Amino acid sequence: MKLLKTLLPAAALVALPVMGMAQEAAAPTMDEVGPYIFTTLLFLMAGFLVFFMAAGFAMLEAGLVRSKNVAMQLTKNIALFSIAAIMYWLVGFNTMYPGDFNGFFAIGGQTVLDPVGVAAADAALDYASVGSDFFFQLVFVAATASIVSGAVAERIKLWPFLAFVVVLTGLMYPISGSWQWGGGWLSEMGFSDFAGSTVVHSVGGWAALAGVIVLGPRIGKYKDGRVNPIPGSNLALATLGTFILWLGWFGFNGGSQLAMGTVGDVSDVSRIFANTNMAAAAGSVTALILTQILYKKVDLTMVLNGALAGLVSITAEPLAPTLFGALWIGAVGGVIVVFAIPFLDKLKIDDVVGAIPVHLFAGIWGTIAVIFYGEASLMTQLTGIVAYGVFTFVASLILWFILKATVGIRVSEEEEINGLDMAELGMEAYPEFSKG
């Protein structure tokens with residue numbers, strides 16, 4: 001048989017009878033298994049990139065809080081990702097993707113992976129492996145929780161925050177996510193959100209807004225009718241975090257193509273990468289120019305958030321626009337950030353890292369901008385925006401108030417002044433600076 005293999009083409013070998021054995025069904029062809037393999041690979045590669053966004057959020061937040069609170073932010077970020085992973089396995093994934101269930105929501109059970117060494121005949125060749133799909137969706141829910149972390153920084157207790165993350169990642173995000181990505185009522189209505197300007201970013205923004213309202217501003221932020229800037233500890237870290245997030249966004253948006261089995265799919269992924277990058281660049285440059293005009297000096301933190309707002313803005317529809325379309329959509333995101341951050345300060349809403357303007361306001365804008373290049377109607381997009389806003393904000397507000405009334409969510413005034421690193425953790429990120 002070994003000799004025959006060297007002499008006969010593969011096609012002829014398939015036709016050779018095997019003595020003493022029943023003829024088996026032909027194995028799936030490469031045309032049949034190729035899309036499964038390459039889409040699984042897309043989910044894994046994109047998932048790696050989105051996972052790295054957890055480091056981006058951690059570095060961004062560590063740079064924008066004061067040095068006395070850096071260890072706390074780092075602790076929150078690694079803890080929230082770990083909690084999200086467990087909760088999404090426990091109930092979140094199957095709640096978000098309930099199969100043929102067509103109701104408002106259904107609480108799912110634990111995620112079960114494909115068997116070890118699954119045969120091609122037993123795999124869902126029309127899509128991807130369960131493990132890759134689960135992992136790719138998991139990193140999205142962790143990003144949602146990270147949005148909340150930055151907004152409520154420098155005055156929230158660790159354990160009540162993590163309790164909020166349990167509910168957000170296990171129930172709130174999956175329930176609302178099922179309305180669109182799980183084939184729910186918004187999907188059937190025609191609501192369009194390609195990679196999550198609303199499903200991910202606005203949801204995180206609404207949860208953050210409820211949190212900062214219940215918490216109240218940091219001590220000294222608003223005093224005698226003035227807004228007192230509280231500079232972050234390390235703009236180098238904040239800049240590094242922004243670049244990491246920018247990198248991770250290629251996986252965030254590119255992976256949301258959800259297929260890589262054809263020439264068209266791969267070409268579309270490349271188009272998404274290019275548009276994602278253009279929107280980020282436009283948001284950054286817009287903030288750069290606007291802060292120079294308004295303040296006579298460039299504000300680096302605004303430029304960083306301008307890039308992130310551009311990324312959030314293009315996330316709802318990164319495929320259809322031209323490069324110029326991505327540019328102007330991202331540029332509007334940059335404008336939103338520059339004007340929304342001082343607007344929130346006027347309302348005495350203290351968002352430490354600018355998460356609400358970036359993720360909520362730019363997320364709303366990006367969802368509306370779909371109508372310029374996609375097939376969704378304005379009314380349908382607004383319906384989705386309102387539905388996600390009402391559900392997430394009200395549910396978050398209730399949960400924050402319950403936590404406040406039962407265990408308390410804010411540290412004492414003395415602990416806030418001394419820093420959460422020592423108050424909550426008993427350690428500091430930069431101990432040599434405080435000890436002399």
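This is a predicted model: local features need pLDDT of at least 70, side-chain atom pairs count only at pLDDT 80 or more; totals for chains, interfaces and linings use all residues.
Q: What does its side chain reach in the backbone?
A: The side chain of Ser 313 reaches the backbone oxygen of Ala 309, at a distance of 2.7 Å.

Q: Let us change topic to charges. How many salt bridges are there?
A: The count comes to 4 salt bridges. In general, side chains with opposite charge can pair when their charged atoms come close.

Q: Which residues are linked in a network of salt bridges?
A: The network links Arg 66, Glu 154, Arg 218 and Asp 350.

Q: Take Glu 154 and Arg 66, then. What is the N to O distance?
A: The side chains of Glu 154 and Arg 66 meet at 3.2 Å, N to O. Glu 154 sits in the loop between helix H5 (130-151) and helix H6 (158-180), whereas Arg 66 sits in the loop between H3 and helix H4 (70-96), so this pair ties together parts that are 88 residues apart in sequence.

Q: Is Glu 154 buried or exposed?
A: Glu 154 is buried, with a relative accessible area of 1%.

Q: What about Arg 218 and Glu 154: how far apart are the closest N and O atoms?
A: In the salt bridge between Arg 218 and Glu 154, the closest N and O atoms are 2.5 Å apart. This pair links distant parts of the chain, 64 residues apart: Arg 218 lies in the loop between helix H8 (197-215) and strand S1 (222-223), and Glu 154 in the loop between H5 and H6. Both residues, Arg 218 and Glu 154, are buried.

Q: And how far apart are the closest N and O atoms of Arg 218 and Asp 350?
A: For the salt bridge of Arg 218 with Asp 350, the separation is 2.8 Å. Asp 350 lies in the loop between H12 and helix H13 (355-369) and Arg 218 in the loop between H8 and S1, so the two tie together parts 132 residues apart in sequence. Asp 350 is buried, as is Arg 218.

Q: On to the surface. Which residues form the nonpolar patch?
A: The nonpolar patch is formed by Val 285, Leu 288, Ile 289, Ile 293, Leu 294, Tyr 295, Val 298, Val 335 and Phe 339, which together have about 760 Å² of accessible area. Two elements give two or more residues to the patch, namely helix H10 (263-295) and helix H12 (323-346).

Q: Which element gives the largest share?
A: H10 provides the largest share of the nonpolar patch, with 6 residues. Leu 288 lies in helix H10 and is partly exposed, at a relative accessible area of 38%.

Q: Which residues other than glycine have a positive phi?
A: Among them are Leu 258, with phi near 65°, and Lys 296, with phi near 70°. Leu 258 lies in the loop between helix H9 (235-254) and H10, and is partly exposed at 33% relative accessible area. Lys 296 is placed in the loop between H10 and H11 and counts as exposed, at 64% relative accessibility.

Q: Finally, the whole chain. How many helices and strands does it have?
A: The protein chain has 17 helices and 2 strands. Its radius of gyration is 24 Å, close to the 22 Å that the globule rule gives for 436 residues, so the chain is as compact as a globular protein of that length.

Q: What box do the C-alpha atoms fill?
A: Along the principal axes, the C-alpha atoms fill a box of roughly 90 × 50 × 45 Å.

Q: How much of the chain counts as buried, and what does the chain expose?
A: Of the 436 residues, 51% count as buried. The chain exposes about 19,100 Å², of which carbon and sulfur atoms supply 69%.

Q: What share of the contacts comes from residues 24 or more positions apart?
A: Such residues account for 79% of the contacts with a separation of 6 or more.

Conventions. Residues are numbered from 1 along each chain as its sequence is written. Side-chain values use heavy atoms; hydrogens and water are left out. Patches are made of residues with over 30% relative accessible area and no salt bridge: like charges are joined within 9 Å, nonpolar side chains (Val, Leu, Ile, Met, Phe, Trp, Tyr) within 5 Å. Accessible areas come from the Shrake-Rupley method with a 1.4 Å probe; for residues, only the protein chains shown count as cover. Helices (H or I, at least four residues) and strands (E, at least two) are DSSP runs, numbered from the N terminus. Buried means under 20% relative accessible area, exposed over 50%, partly exposed in between (1.4 Å probe, protein chains only). A polar contact is a pair of N or O atoms within 3.5 Å; within protein, one must be able to donate a hydrogen and the other to accept it, and residues adjacent in sequence count only if both atoms are side-chain atoms. The radius of gyration is taken over C-alpha atoms; the globule rule is 2.2 Å times the number of residues to the power 0.38. Contact means heavy atoms within 4.5 Å.
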